[in-house]
Structure formats: C-alpha cells, structure tokens
Amino acid sequence: MKLQRKNRVRALAVGALAVSGALALTACGSDDTSGGGGAGAAKTSNIKCEGKGKLLASGSSAQKNAMDVWVQAYSGACKDTEINYQPTGSGAGVTTFLQGQTAFAGSDSPLKPDEVTKSKQVCKGGQAIDLPMVGGPVAVGYNVPGVDNLVLDAPTLSKIFNSEIKKWNDPAIKKLNPGAKLPDLKIQPFHRSDDSGTTDNFTKYLKAAGDWKHEPAKKWEGEGGQAASGSAGVSSQVKQTSGAISYFELSYATAGKIPTAKLDTGAKAPVDATVDNASKAISEATQVGKGNDLALKLNYNTKAEGAYPITLVTNEIACDKGNKPETLAATKSFLTYISSKDGQSALKELGYAPLPTEIADKVRKTVATLS
C-alpha cells in the first residue's frame, strides 16, 4: 500500500529535502563528496560506483529516512545509476521481491522458512538471505495534553493496544505515573494497516514482556483501535489526534516532535527511547541465520540497565545467487556503501542505531559474494 503524499515525513537531512511521491531519486546530485552539511549528511567519497540504469527496491518504511539520505548520497556520486526505493511496508516489500519485481527488499523481520522456499523460484540456483542494515528503537509516541513525561510498561501497553484500558487516567497508568496529571481522556490507539515488520517487533515485545493475547505477526491482531498506513501514517495521526498513542521508529518521533514514553522494564529506572539505549539492547542479539543468512534474534525482555527493549533491525533481502545480471553490480555497490562506515555514520543523527562493527563487517563480506 503506497503512502499518501500528505502523510510523508521528510528525512532529517539537508540533502534529502524534496523527496518525490515514489522516491524516484535520479542521479543528478551534487558533485560535493565531502560529507559536510546538516544532520544526517552522508559521506560519499569512498563510494565505488558499479552498474548502470535503474535499481528498484521496496519494503520497510522504518528505514525510509535512512534510505532517503543513502539514495541521495549514492545517486550524487554515481551518475549512471537511478535508485527507486518505495517504503511500502515490510510485507509488501517481501512479496514484491518474491515476485521478481525488485532487486532487493527491506524488511524489519527476518524471512520465514516458507518465504525462503519461495525465493528459490526467483533466485535461480540460490535463495534469499537477510542482511542486517538499520537498527534502532521503536518508540511509543503519544499525544496527551499536559503530560510530557510518561512511563508505561509492557503489561499496560498490552491492555492499551487491545482496548482493555480505555482512559488515560486508568489506575494502571496512574500507578506508573504517580506525579502526573493524567486527564479523563479517551485513549486513541493507532496501529499499522499494512503488514509491517514494525508491528511484528512491537508485538513480539508485548508478548515477551507483557500480557499480549495474540501471536506476534506483521499483520495487526489486536482488538479495536484505528489503523493508518506506514510509520509516517501512524505518527501523523498521533501528532494530530488528542489522546492518541502508537508505535513507530524514533526517527518519526524526532521529525514530528512527538513525545515518547519511557519504559519500565524492571531495571532500576525507566528507559528512554534513544539510539544509545536501543544499541544496548541490540548488542544482546544473537545470529540465528545459517550460512550467508545473517538474521538476528533480539531480546525483547531485557532488564539490563539503560537497555531499551522495543528495537528492530531492518534487513535488506537479496539473492545469495541468481541475482539478475542487469542489476547485480549496482545492487552490490549500493549495499556495500550503506553497510560501510560512511553509510552507517549517517544513521545516529537520524534516530537510528548504526550496526555493531562485527555485524557490519559480516554484511559487507557477504555482499561481496552475491552473484
């Protein structure tokens, strides 16, 4: 499902100001490769341009703001390549990739076994693999007049998003916020309408640490609430709706100046949704993919001090073998750049967590073997 233009969130970077509805950023960028500029400006001096023509990709809207910066920087350096990344959501992105319509896909959840099986029809002689690329916190953004320092926990969030807690002055919320002036206001929970890896990660946290009654999935299974498309859609609804609450990547909260809840994880103090706190949680991740598949398993129930538990790691999904000859060189070149030190260094200012060095190294080595 395509995001409506009015719901798009502009990337937090000087070089990504005029993003088109389809994000068809052409190779007409500046020759300046110094990496100077505002927040999120990406260095391009070490980009090795290979391949020509148009590179189509789609998927995770969680990584949209990072892709805006990466595509603008890469297109500016590589004049013969046009990259079109559409933030259609993880589910749609994987589906489109498995139909052979895109060179790679972005997904906030690792491939499922049946998706790997299907990929063998597209990846001739090989299969699709997960390449971790963008990490970061999934923030719980809210719009409650008079409340700018809110604490919530997994059990309470489970009940809020399953329509069991309906007012902001509910006793469960009061208990977590003894000093706050919570209004007698209806809670307006928003969830994703599209199949979303962000939803999958958020509900995995609710299941692991809370009282979530449904199985975690990309498709929303909770009771009640309202739906909007993409992270841009739900964050926009929170910003304009009194009493609203939703989940979306920190970059959208930062861009929209939306307050985010601290989480009571059982640690000594509630934990803020910050890049550094998410990095502490992501550092506990373990690799569960086999061979060249670098899929990670996250610890959603961490109680480590200062570790923010609702995190995601977006994977770029590509064929290990059997990539289309006309897009292989550009795909490898672009994925090598975004996993490089220069590419990853742009992420923190955008509200994302750069990959741990050892994971980024594995990603680049694996990208080099794509064929």
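This is a predicted model: local features need pLDDT of at least 70, side-chain atom pairs count only at pLDDT 80 or more; totals for chains, interfaces and linings use all residues.
Mentor: Residues are numbered from 1 along each chain as its sequence is written, and side-chain values use heavy atoms, with hydrogens and water left out.

Trainee: What makes cysteine 49 and cysteine 78 a disulfide?

Mentor: A disulfide is a pair of cysteine sulfur atoms within 2.5 Å. The S to S distance of cysteine 49 and cysteine 78 is 2.0 Å, so the pair meets the definition.

Trainee: Why is this disulfide of cysteine 49 and cysteine 78 called left-handed?

Mentor: The torsion about its S-S bond is about -85°, so the disulfide is left-handed. Cysteine 49 lies in the loop between strand 1 and strand 2, and cysteine 78 in the loop between helix 1 and strand 3, so the bond ties together parts 29 residues apart in sequence. Helices (H or I, at least four residues) and strands (E, at least two) are DSSP runs, numbered from the N terminus.

Trainee: Why is cysteine 78 called buried, and what is cysteine 49 called?

Mentor: Buried means under 20% relative accessible area, exposed over 50% and partly exposed in between, with a 1.4 Å probe and protein chains only. Cysteine 78, at 2%, therefore counts as buried, whereas cysteine 49, at 39%, is partly exposed.

Trainee: Which other cysteines form a disulfide?

Mentor: Cysteine 123 and cysteine 319 do, with their sulfur atoms 2.0 Å apart. Cysteine 123 is in the loop between helix 3 and strand 5 and cysteine 319 is in strand 13, 196 residues apart. The S-S torsion of about -70° makes this disulfide left-handed. Cysteine 123 has 0% relative accessibility and counts as buried; cysteine 319, at 3%, also counts as buried.

Trainee: Why are helix 1 and helix 10 called oblique?

Mentor: Helix 1 (residues 64-77) and helix 10 (residues 325-338) pack at about 120°, with axes 11 Å apart. Axes are lines fitted to C-alpha atoms, for helices over the stretch in contact (heavy atoms within 4.5 Å), and angles run from 0 to 180 degrees between N-to-C directions. Under 35 degrees is roughly parallel, over 145 roughly antiparallel, 65 to 115 roughly perpendicular and the rest oblique; the helices are therefore oblique.

Trainee: How do you know that helix 2 is largely enclosed?

Mentor: Seven of its nine residues (90-98) are buried, so the rest of the structure largely encloses helix 2. Among the buried residues are Val94, Phe97 and Leu98.
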